[in-house]
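Student: I have a model open and would like to learn how to read its features one by one. Could you take me through some of them?

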Amino acid sequence: MKQFPKNFLWGAATSAYQVEGAALLYGKKASQQDVINEKSFEEKGFASAEIASDHYHHYKEDVALMAEMGFSTYRFSISWSRVFPDGVGEVNEKGIEFYRKLIDELLTYGIEPIVTLYHYDLPWALVEKYQGWLDRRIVTDFEYYAKFVINEFKDKVKYWTTINEQSIIVQYWTQKCYIPKELQSQNQLRYQINHHMNLAHATACKLVHELVPDGLVGAALGYAPIYPLTAKPEDVLAALNAHDLRNAFYLDIYFKGIYTESAMTYLQENHLAPIVEPGDMDLIREGYSDFLALNYYASECAKACPKESGKAIRYSGVNLSGKKGEISGFETHPGFYEMCKNPHLDTTDWDWAIDPIGLEYAFRDIYTRYNKPLMITENGLGAFDELTPEGKVHDEYRISYLRDHIKAIKRAMEKGVEVWAYCPWSALDLLSTSNGVKKRYGFIYVDRTDDDPKDCARIKKDSFYWYQKVIQSNGENL
C-alpha cells in the first residue's frame with residue numbers, strides 16, 4: 001500500500017471546554033457550554049465543564065505524554081470566553097497567557113499546533129446581550145476575537161480551523177448552542193445561525209490570509225457520507241437529497257461560495273431558508289478555504305419519505321444511555337428524505353455506524369468534487385473503558401477501529417487523494433458534549449467519573465502504546 005509522506009502530521013484532538021476545566025477561574029467567565037453542561041449535570045448526571053479533564057492545570061504533563069506518543073501535531077481550540085470574558089472589550093491577560101504557554105510547550109517538543117477558533121463555547125455574555133449566533137452582531141464580535149487571536153499567534157501557528165462542525169450545530173442546535181425554549185420550534189433559525197457562521201468563517205479565512213505568513217485555513221466539518229437504504233430509485237434520490245442538505249450545503253459554501261441549489265430550494269419551499277443580506281455572498285466568496293478538515297465517526301443511511309407520509313420535519317435524535325438501539329429518532333424531511341439505520345453495519349453503544357470504508361468513500365468523493373487537501377481533525381470510538389485493579393485500560397476495540405480507519409485513509413491516498421494530517425478524537429479522555437465523561441475516546445485515561453472529578457490522574461491505555469508504534473513507523477506498523 002501507498003506509504004504516508006514523510007511530512008505527514010500525526011497527532012490527536014481536543015476542544016477547550018471539553019478538556020480544560022478552570023471554567024470560571026483566572027479571569028475566565030462562563031461560555032454557553034458551561035451553562036448547557038451545568039444543566040446537563042443537574043438533569044442527567046453528566047459531568048459539567050467546571051473541571052472537565054483539568055487540562056488547564058495538567059497541560060505540561062499532557063503535552064509531554066503527547067510527545068512520548070510521538071505527536072507531530074495537536075489540534076485544539078481556544079476558548080473565546082477565556083480570552084475575552086465578555087466576548088469583546090478588554091483581553092484577559094491570564095487567559096491568553098495560558099495559550100501562549102501551551103503553544104510554546106508544543107513547539108518545544110516539535111509539535112505543530114492546529115488551532116480551532118470556535119468549538120461551541122460562545123461567551124455567555126453574548127448570549128445574554130443578543131442571543132449569540134441568532135443575531136448578526138455575532139459576526140462583528142467574532143471578527144474582533146479572531147483578529148486578536150490570529151494576530152497573537154501568526155508567527156507560531158500555520159494551520160487554522162475556523163468553526164467546528166457547522167452541520168452538527170444545525171442538527172443538534174440545543175446541545176451546541178443555547179436556544180431559549182420559546183424559539184426551539186422555529187427551525188428556520190437553525191439555518192440562520194449557520195449563515196451567520198458562514199460569514200464568521202469567511203471573515204476568519206480572510207484574516208488568516210492577511211495576517212499569517214504562509215498561513216493555511218479551513219473549516220472542521222462534521223461529515224458523514226450517506227448511502228441509500230436500497231437500490232430503489234426513490235431511495236437513491238433520497239440519499240442524494242440528504243447529501244445535498246447535510247453535506248454539500250456546507251462544502252459548496254467553503255469551496256464554491258454558493259448555497260447548493262437543491263438544498264436551498266427545499267429550504268425555501270419549507271420556509272426554512274436563511275435571510276441573506278446584500279454583500280453576504282461576496283464576503284463568503286472572498287473568504288475561501290485552503291483545505292478541509294473532516295470530523296469523521298460514522299456513515300449515514302437514507303430512504304424515501306413521500307410528502308403524503310403524514311410525517312413532520314424532525315431533526316436527528318441522540319442516544320443518552322449508551323445502550324444500542326436507544327437512539328431517540330432519525331431526521332425526517334417529508335418529500336425530500338428520511339434518515340434510517342443501515343442494516344449492513346454494526347454500531348457503537350451510542351448507535352453510531354462503524355464504517356471505515358465510509359471514510360475512504362468520503363475522501364474520494366470530496367476530493368473529486370473540490371480538489372482540495374484534506375485532514376482528519378476528529379475520528380474515534382466512544383466506549384465504556386474499564387480501569388483494571390492493576391491500573392490498566394485494555395481498549396483493543398479502539399485500536400481496531402482506528403487501525404481500520406488509517407487503512408482507509410491509505411486506500412484513498414492510493415487513489416490520489418491528498419491528505420495532510422490524522423488527528424483522532426481524542427488525545428485524552430474528556431467531556432463528551434451529550435454523554436458526560438463515561439463515554440471515553442482518549443489514548444490517555446483520565447481517572448474521574450461524572451460525579452467525582454478525583455485528581456484526574458493520567459493513565460496510558462493500550463491504545464497509547466499502539467499509536468506510539470503507528471507514529472514511529474509513519475503508519476506502516478498497524
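Student: What is the bridge partner of Asn 295 in β11?

Tutor: Strands here are DSSP runs of E with at least two residues, helices are runs of H or I with at least four, and both are numbered from the N terminus. Two strands pair if DSSP finds at least two bridges between them. In this case, Asn 295 has Glu 378 of β11 as its bridge partner. That bridge belongs to the pairing of strand β7 (residues 292–295) with β11, which run parallel and are joined by four bridges. This is a predicted model, where local features need pLDDT of at least 70 and side-chain atom pairs count only at pLDDT 80 or more, while totals for chains, interfaces and linings use all residues. Residues are numbered from 1 along each chain as its sequence is written, and side-chain values use heavy atoms, with hydrogens and water left out.

Student: Which strand does β11 pair with over three bridges?

Tutor: That is β12, again in the parallel sense. Look for Ile 376, whose bridge partner in β12 is Tyr 422.

Student: How many residues of β11 are buried?

Tutor: Buried means under 20% relative accessible area, exposed means over 50%, and partly exposed lies in between, with a 1.4 Å probe and protein chains only. Strand β11 (residues 374–378) is mostly covered, with five of its five residues buried.

Student: In what order do the strands of the open sheet of four strands come?

Tutor: The order is β6-β8-β10-β9, and the pairing is mixed. At the edges are β6 (226–228) and β9 (332–333), each pairing on one side only. Three bridges join β6 to β8 (residues 300–303), and these two run parallel.

Student: Where is the kink in α3 centred?

Tutor: A bend at a residue is the angle between axes fitted to the seven residues ending there and the seven starting there. The kink in α3 is about 40° and is centred on Glu 61. The span is another thing to check: the expected value is 1.5 Å times one less than the number of residues. Helix α3 (residues 55–69) has 15 residues, yet its end C-alpha atoms are only 17 Å apart, short of the 21 Å that a straight helix would reach. Just after α3, Gly 70 takes a positive phi of about 105°.

Student: Why does Arg 440 count as buried?

Tutor: Arg 440 counts as buried because its relative accessibility is 6%. Its place is in the loop between β12 (419–422) and β13 (444–447). For polar contacts, look for a pair of N or O atoms within 3.5 Å; within protein, one must be able to donate a hydrogen and the other to accept it, and residues adjacent in sequence count only if both atoms are side-chain atoms. The side chains of Arg 440 and Asp 429 make such a contact at 2.7 Å.

Student: Which residue makes a polar contact of 2.5 Å with the side chain of Ser 316?

Tutor: It is Gln 171, also through its side chain. Ser 316 sits in the loop between β8 and β9 and, at 18% relative accessibility, counts as buried.

Student: Which residues have the most contacts inside the largest nonpolar core?

Tutor: Nonpolar side chains tend to be buried together in soluble globular proteins. A nonpolar core is a set of buried Ala, Val, Leu, Ile, Met, Phe, Trp, Tyr and Cys residues joined through side-chain atoms within 4.5 Å. The largest one here has 153 residues, and those with the most contacts are Trp 133, Phe 142, Trp 160, Phe 363 and Tyr 467.
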